[in-house]
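This report describes one protein chain from its computed geometry. The sequence and the model come first.

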Amino acid sequence: MVAGRSFLSLLTYGRSKFQKEVLARVEARLELQELLGRYALAVDDHDGDALSECFTEDGIFASPNSPPSVGRDAVVEFFRVRFDRFGATLHVPLFQVLHH
């Protein structure tokens, strides 16, 4: 943020509605990529705290052969059980994760 303005607002200043919508979609896609990257790192690191930040309070995680986990705490507990049961995992996201 620069002087109280978001990056997107600085990019869209003086642009048409169409251009603003395109930039908003690009920003949303980048945020989703970042989320997927953070999720992959959290799972591979067996980091329940980081994993919890990837889900909303009412988030749902569904896995084959398991009932859905409903709510952030239930999702993290689902993974904690698997962290203990399974060894290392390796997700290979095809994009970068920026640490703030």
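## Basis

This is a predicted model, in which local features need pLDDT of at least 70 and side-chain atom pairs count only at pLDDT 80 or more, while totals for chains, interfaces and linings use all residues. Residues are numbered from 1 along each chain as its sequence is written, and side-chain values use heavy atoms, with hydrogens and water left out.

## Fold and surface

The chain holds four helices and two strands, in the order α-α-α-β-β-α from the N terminus. Helices (H or I, at least four residues) and strands (E, at least two) are DSSP runs, numbered from the N terminus.

Of the 100 residues in the chain, 24% are buried. Buried means under 20% relative accessible area, exposed over 50%, and partly exposed in between, with a 1.4 Å probe and protein chains only. The chain exposes about 7,600 Å², and carbon and sulfur atoms supply 59% of it; the areas come from the Shrake-Rupley method with a 1.4 Å probe, and for residues only the protein chains shown count as cover. Among contacts (heavy atoms within 4.5 Å) with a separation of 6 or more, 42% join residues 24 or more positions apart.

## Helix 2

Helix 2 has 28 residues, which at 1.5 Å a residue should span 40 Å; the end C-alpha atoms are 41 Å apart, in agreement. The expected span is 1.5 Å times one less than the number of residues.

The buried residues of helix 2 are E34, G37, Y39, A40, A42, V43 and D44. Their cover includes helix 3, strand 1 and helix 4 (72-85).

## Positive phi values

Most residues other than glycine have a negative phi. H46 has a positive phi, near 55°, and lies in the loop between helix 2 (17-44) and helix 3 (48-52). H46 is partly exposed, at a relative accessible area of 29%.

N65 also has a positive phi, near 70°, in the loop between strand 1 (60-61) and strand 2 (69-70). N65 is exposed, with a relative accessible area of 84%.

The largest nonpolar core consists of 11 residues: Y39, A42, V43, L51, C54, F55, F61, V75, F78, F79 and F83. Helix 2 and helix 4 each supply at least two residues of this core, and the largest share, four residues, comes from helix 4. A nonpolar core is a set of buried Ala, Val, Leu, Ile, Met, Phe, Trp, Tyr and Cys residues joined through side-chain atoms within 4.5 Å. Leaving aside neighbours within four places in sequence, F79 contacts Y39, V43, L51 and F61.

S69, in strand 2, is buried at a relative accessible area of 8%. Not counting residues up to four places away in sequence, S69 touches G59, I60, F61, A74, V75 and F78.

## Aromatic rings

Rings of Phe, Tyr and Trp (its six-membered ring) pair if their centres lie within 6.5 Å; planes under 30 degrees apart count as stacked, over 60 as edge-to-face and the rest as tilted. By this rule there are seven aromatic pairs. The ring centres of F61 and F78 are 5.5 Å apart and the planes are at 45°, so the pair is tilted. This pair links F61 in strand 1 with F78 in helix 4, 17 residues apart. F61 is buried at 17% relative accessibility, and F78 is buried at 10%.

Y39, F55, F61, F78, F79 and F83 form one aromatic cluster. The charged end of R82 sits over the ring of F78, 3.6 Å from its centre; the criterion is NZ of Lys or CZ of Arg within 6 Å of the ring centre and within 35 degrees of the ring normal.
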